[in-house]
Amino acid sequence: MRASPWQQYAVLVKQGLRAELVDKERIVSPILFALTLLLLFAFALGDLDDALRLKVYLAETMLTALFALQVSFSRLFEPDRQDRVFDLLRTYPLSHTSLFLAKYTLVSLLGSATLIPTLLFGAFLNQSPKLQLFSWTVVGIALLALAGLGALGVLLSALTLKANARQILYPLLYFPLTTPVLLAAIQSSRLCLEAGGLTPDVNSWLGLLVAFDCIYITLGILLFTELVDES
Amino acid sequence: MLVISNLSFQFRHRRLFEGLSITAAPGDLIHISGPNGVGKSTFLAVVAGLLAPASGEIAYLVDGAKATDRRTYLEYLPAEANGLYLKMDAVENLLFWTRLRGLKLDPNAAFAALDPWNLNHPLLRVGFPVEKFSTGMKRRLALARLELSPVPGWLLDEPLYGLDQQALSVFQNRLRAHLQRGGFALLVSHDLEPFRGLITQTIDLAKRSAP
Amino acid sequence: MKAETMFTPEDRRDFLLGTFFQLLVIAHWCVAFFYAPVDIHQGAVYRIMFLHVPSAFAAFASSLALCVLSIVALRKRQENIMALAKGTAEVGLLFTILTLATGSIWGRPTWGTWWTWDARLTTTFLLALMYAGYLLLYGSLAPGPGRTRVCAVLGILIFADVPIIYKSVTWWRTLHQPPSMIRQGGSTMDPEILGTLVAGIVVMCLYAAWLIRVRGRNLILADEVESASFQTFDRQ
């Protein structure tokens, strides 16, 4: 008897979500971390005039989101590391693509749960009477960025699964690899907020984000199996 | 039928065992013996597919034809871990692993599976995270999962670890029933008394290891 | 065992090849100093380009080599290829650092500052960080087929990221402010300078390839020594 890849995917996603919900700390801590960081940014930067405020809002919020996502990505496999669950998963007749997609779905959901509050709070803390900061387009751009970051996040989590210095290695690998996403997300949202719409400049940045997403989702599906299968 | 032919394993430069050939037919309980460090647990991990052998072949034959993935027919129980989600309760753990095998199981069937292992208490089975279980309780839950799995091959690495006298006799009976149903098992255990009369074959790894 | 029997013909060939490439590098420097004419805008300072640009080429070519070796390692499942891949990352790191150092030294007289967020320099900087991350990951994993796989995957990820980083950093700079650097555009370059530069790139890449090969063989040798020590241990 063997479950189809789709059944396996559904079972793994459900289990992943349950494992997150049963341990609320795992969902709450990245958001709290983001809030703390936004507060620190506000303290470090002090009072700003409105022209700078827009730039600073995007810079600090996106950076905070990137940091908070790193926290949540790097702990993706923690429930599976306990009691050798991950090894046992490897002894089951699993489709590796199902496992990757299940983890990717999980990371996208958890990432959105971190990303959207971060953007909201960033806009809230930087608001001024004359400035409209929060925009759904920016949320859309951030989610587009998350699509690629999530795939990379799953891969890196699997890469560092057996490494000794996981806590420090993860950010060291994650941040240099994700610089294009940070640049593209900040620049495109800034241009978008300044122009009030999708100009050609914005579109070329979004193209870069889409390229990043495509490359890393493809690489994720192709390479994840190499990280799981030993025999 | 599990056919292991000419299997060798090398841990980096250290050769653990060489030229190991074992055939496990329905009803077989094969005891893997040898002193500490000879590679008994490693051997089971290789058969389970966790480690790649240096050479040789492991095949599961269905009606004489080689199965595409032998993992469909094998269930592995490691020595020092049980493969349980520690933050989740007993029933959730059972349902997850059996559903991953494609088995549609309802909670009542899970309760029934917990019953012989003395875990079918309303306060224990649901809403009580497994991490609060004692060592023996976790082991019993892992054995309940093993039994629910619709597979003929059990790879047991020190299955008795942490079991009390009562659980031990339950395990004896369940193992006997599994073998009578046409299942088979590879066993690593330091205590052989409970398996007296069930073991059909003993493989001494010390004789198959590198000089 | 006598000392000379420790050298295999392969060692001798590597040594001769290495000496030859070293001489080529020195010869190229002579050409760069005495043959290439002085630049009208920058004076003699520009000659650092003949070290800077070839190093950058070697650094980025190493990332390509790392990717190719990683793919081969995943397909062939050979530990020896992994040794070469690690050597590639080390040599890549060496050349990225050399590129950054020479770029910085060159930047001081021409741009008036030690560092600027020039697209190429920034990409090199990130590449250096990624090589360092690769080597750290390699070091923190237990040797064996698992490490080969993990590092090979990272090697591919790094190479896939380089063009995206370069593109993003270039746009980031050009959309912000015009590039501050006087570009050595291909069409405006003297044929003598261009020739010297191209020769430098070829020489440096050859030298880097030799370094990778020697380093890879070193690592394989270290592995063989360990293996031999295990065999002695087993025989006891």
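**Ground rules.** I am working from a predicted model, where local features need pLDDT of at least 70, side-chain atom pairs count only at pLDDT 80 or more, and totals for chains, interfaces and linings use all residues. Residues are numbered from 1 along each chain as its sequence is written, and chains are lettered from A and ligands numbered from 1 in the order in which they are written.

**Chains A and C.** I looked up this contact, counting two residues as touching if their C-beta atoms, placed from the backbone, lie within 7 Å. Chain A puts in 26 residues and chain C puts in 25 residues. On the side of chain A, helices H7 (136-159), H8 (166-195) and H9 (200-228) each give two or more residues. I take helices (H or I, at least four residues) and strands (E, at least two) as DSSP runs, numbered from the N terminus. H8(A) has the largest share, ten residues. By class I find 19 nonpolar, three polar and four charged residues on this side. Nonpolar means Ala, Val, Leu, Ile, Met, Phe, Trp, Tyr, Cys and Pro; charged means Asp, Glu, Lys and Arg; the others, Gly among them, are polar.

**Chains B and A.** Here 26 residues of chain B meet 24 residues of chain A. Helix H2 (residues 90-100) of chain B gives the most to chain B's side, four residues. That side splits into 15 nonpolar, five polar and six charged.

**Chain C.** I find six helices and zero strands. The pattern along the sequence is α-α-α-α-α-α. Of its 236 residues, 39% are buried (20 or more other C-beta atoms within 10 Å of the residue's own, C-beta atoms being placed from the backbone). Among contacts in chain C with a separation of 6 or more, 81% join residues 24 or more positions apart.

Conventions
A residue is buried if 20 or more other C-beta atoms lie within 10 Å of its own, exposed if 12 or fewer, and partly exposed in between; C-beta atoms are placed from the backbone.
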